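I opened the notebook to go through this structure one element at a time. Sequence and coordinates come first, then my entries.

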Amino acid sequence: MASIADDMDTLVAVRDVSFSYGHTSVLSHVTFNIRTGDFLAIIGPNGSGKTTLVKIILGLLEPSSGEAKIMGQRVNRFSDWEKIGYVPQKATHIDPFFPVSVKEVVAMGLLSRKNTQRLSKKMEEAVIKRALRQVGMEDCLNRRIGSLSGGQQQRVFIARAVVNRPLMLFLDEPTTGVDAETQERFYDILDDLNKKEKITIVLVTHEIGIVDMHINRVACLNQKLIYHGAHEEFCRSDAFKNMLAGGHHVISHRH
Amino acid sequence: MDAFLSFGFLQRALLAGVFVAIACALLGVFLILRRDAMIGHGLAHIAFAGVAIGLFLKVMPLASALVIAVITALGIMKLKEKAGLYGDTAIAIFSSAGFALGLLLVTLAQSFNVDLFGYLFGEILAIDPTEVWLSIALAVSVVTIVIVNYKKFMYMTFDRESAKASGIKVNRLDILVTTLTAVTVVLGMKIVGLLLVAALVVIPAAAGLQLASNFRQSIVLSSIVAVVSVVLGLVGAFYLDFPASGTIVLLSFLIFGLFFALKRKRRAF
């Protein structure tokens, strides 16, 4: 297991984090680091605490015990949110009739900037178009978000999350309900963001088989942290064998 | 039209009406999209308790209505958070209790007279200069605050979780929206009365949302519908001797119907 000491490369440090909903334990004493340049998959069966862990790191939930730090600062003190991008779980909660254009959705990402960093209208337009170009959606600028397919919507949400050129991008099961071909294109985009734009990516998924060509690290959760390390070693590890033996759906095969 | 505008009371009515209409429309768009459209109805009933308290204590009813409406609106918000009460349940409970309290106090104050009638059905044509300037000042404040924060309001209405993850203080903005809604409902009470103020908040916004293809358009269209309804409603009421509040609301309903039909026609093509 990699060293858990904080170093210059550590972007996120999770220390002994536990979380419960009432009396139900969801996370138990989870400790690990996320380093610059990681393309990390957080995997585990349903109910293993993956989404809860991401929400704790982003300050959306408070842990019952332990703490998370982003760039050396406690999450509740962290204020440089323009450095963090977030694509929430497949937006079934997004109202398809909401009267908002693709341009307006991507512009929402700019609101995490501090007042002193606000851009002129011309600059705003330019960065929005650049973000949409990165995800291949530049032709849909003035289309209503509800008129797009699920895969297209998720690409717009990625554009929103990267419009500030963040250091880190969190995605929570971003391709649920999306067809296989669209999924491949989607992960190619993430690959480019990680390798060319040098964005650290943290991806919550329960299907490692789809992302195994892209990721370099794995964190395997089942309320506790069962494994955290290099992807190649994970497939040889006891954690992986135990998950398969437990009948958990971890791998899917592409045909 | 010159005759219409030469009367001071009509000028005051137009001035107050236009500003309050814009405030109602702007907030109405957010309330509809937050699925909180009925809060206007509930707050109007609560404001009635505030009016009654004002009449009972012989203080300015508009002021007492503002205080009661804002405090209760924030209380409803807290109840939803802490006690897990559904929003519409909390509104139903408080609006009923508010109206009942209002009835009791009005009876005790023996104020079943023109004062009360004006608050129930609106008395924009009888609005006095002090109330005009107060209404305009409050309405301009509401409009300014909404315009300054409209992108954050839009973000948290569209995707609350992502807005929170961006560092936007969604809980504080909720308090702001709730307070602005309470203020706007009380202002609208003078224009169309307690019984119809919810319509002024909801119908122009719903009309604008029929044809808007982006958020900015929905805000602009809704405001235009609200202003047109109030202006034409007042003109119609003056010349046809109709009640101003009913005319304004019916006009906005007709415009909604027209926009709805246009939307369906657009889809068919």
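Which residue of β8(A) stands opposite Ile42(A)? I looked it up: Val204(A) stands there. A note before going on: the model is predicted.

**Entry 1: strand β3 of chain A**

I started with the strand that holds Ile42(A). Strand β3(A) covers residues 39-43. I checked burial along its length. Five of the five residues are buried, so the strand is largely enclosed by the rest of the structure.

Next I sorted the side chains by direction. Phe39(A), Ala41(A) and Ile43(A) point one way. Leu40(A) and Ile42(A) point the other way. Both sets are buried.

Then I looked at the partners of β3(A). Four bridges join β3(A) to β8(A), residues 200-204, and the two strands run parallel. Four bridges also join β3(A) to β9(A), residues 217-222, again in parallel. On the β9(A) side, I found Arg217(A) as the bridge partner of Leu40(A).

**Entry 2: the sheet around β3(A)**

What is the strand order of the open sheet? I read it as β6-β7-β8-β3-β9-β10 in chain A, six strands with mixed pairing. Strands β6 (84-87) and β10 (224-230) stand at the edges. Each has a single partner strand, so one side of each is left without a neighbour in the sheet.

Strand β7(A) spans residues 168-172 and pairs with β8(A) in the parallel sense over five bridges. Here Val204(A) came up again, as the bridge partner of Asp172(A). Val204(A) therefore has an entry on each side: I had already placed it opposite Ile42(A) of β3(A), a strand that is largely enclosed.

Helix α4(A), residues 150-162, lies across β6 and β7 of chain A. It runs at about 165 degrees to β6(A).

**Entry 3: chain A as a whole**

I counted elements next. Chain A has eight helices and 10 strands. How does the radius of gyration of chain A stand against that of a compact globule? For 255 residues, a compact globule would have a value near 18 Å, and chain A has 18 Å, which agrees. The C-alpha atoms fill a box of roughly 50 × 45 × 35 Å along the principal axes.

Of the 255 residues, 42% count as buried. I also checked the contacts with a separation of 6 or more. Residues 24 or more positions apart account for 70% of them.

Asp16(A) has phi near 55 degrees. It is found in strand β1(A), residues 10-21. Is Asp16(A) buried or exposed? It has 12 C-beta neighbours inside 10 Å, so it counts as exposed.

Met71(A) has a positive phi of about 50 degrees. Its place is the loop between β4 (65-70) and β5 (73-74) of chain A. With 14 other C-beta atoms within 10 Å, Met71(A) is partly exposed.

**Entry 4: where chain A meets chain B**

I turned to the interface. There, 16 residues of chain A are in contact with 19 residues of chain B. I took the classes on the chain A side: 11 nonpolar, three polar and two charged residues.

**Entry 5: helices of chain B**

How do α9(B) and α10(B) cross? Helix α9(B) covers residues 170-192 and α10(B) covers residues 197-211. Their axes come within 7 Å and cross at roughly 105 degrees. That makes the two helices roughly perpendicular.

I listed the contact residues. From α9(B) they are Thr184(B), Val185(B), Gly188(B), Met189(B), Ile191(B) and Val192(B). From α10(B) they are Val197(B), Leu200(B) and Val201(B). By class, this contact has seven nonpolar, two polar and no charged residues.

Last, I looked up Ile219(B), which lies in helix α11(B), residues 215-240. It has 23 other C-beta atoms within 10 Å and is buried. Leaving out residues up to four places away in sequence, Ile219(B) touches Leu26(B), Val29(B) and Tyr150(B).

Terms used
Residues numbered from 1 in each chain as written. Chains lettered and ligands numbered in written order. Predicted model: local features only at pLDDT ≥ 70, side-chain atom pairs only at ≥ 80, totals over all residues. Contact = placed C-beta atoms within 7 Å. Nonpolar A, V, L, I, M, F, W, Y, C, P; charged D, E, K, R; others polar. Buried ≥ 20, exposed ≤ 12 C-beta atoms within 10 Å, placed from the backbone. Pairing = 2+ DSSP bridges. Rg over C-alpha atoms; globule rule 2.2 N^0.38 Å. Axes fitted to C-alpha atoms, helices over the stretch in contact; angles between N-to-C directions. Parallel < 35°, antiparallel > 145°, perpendicular 65-115°, else oblique.
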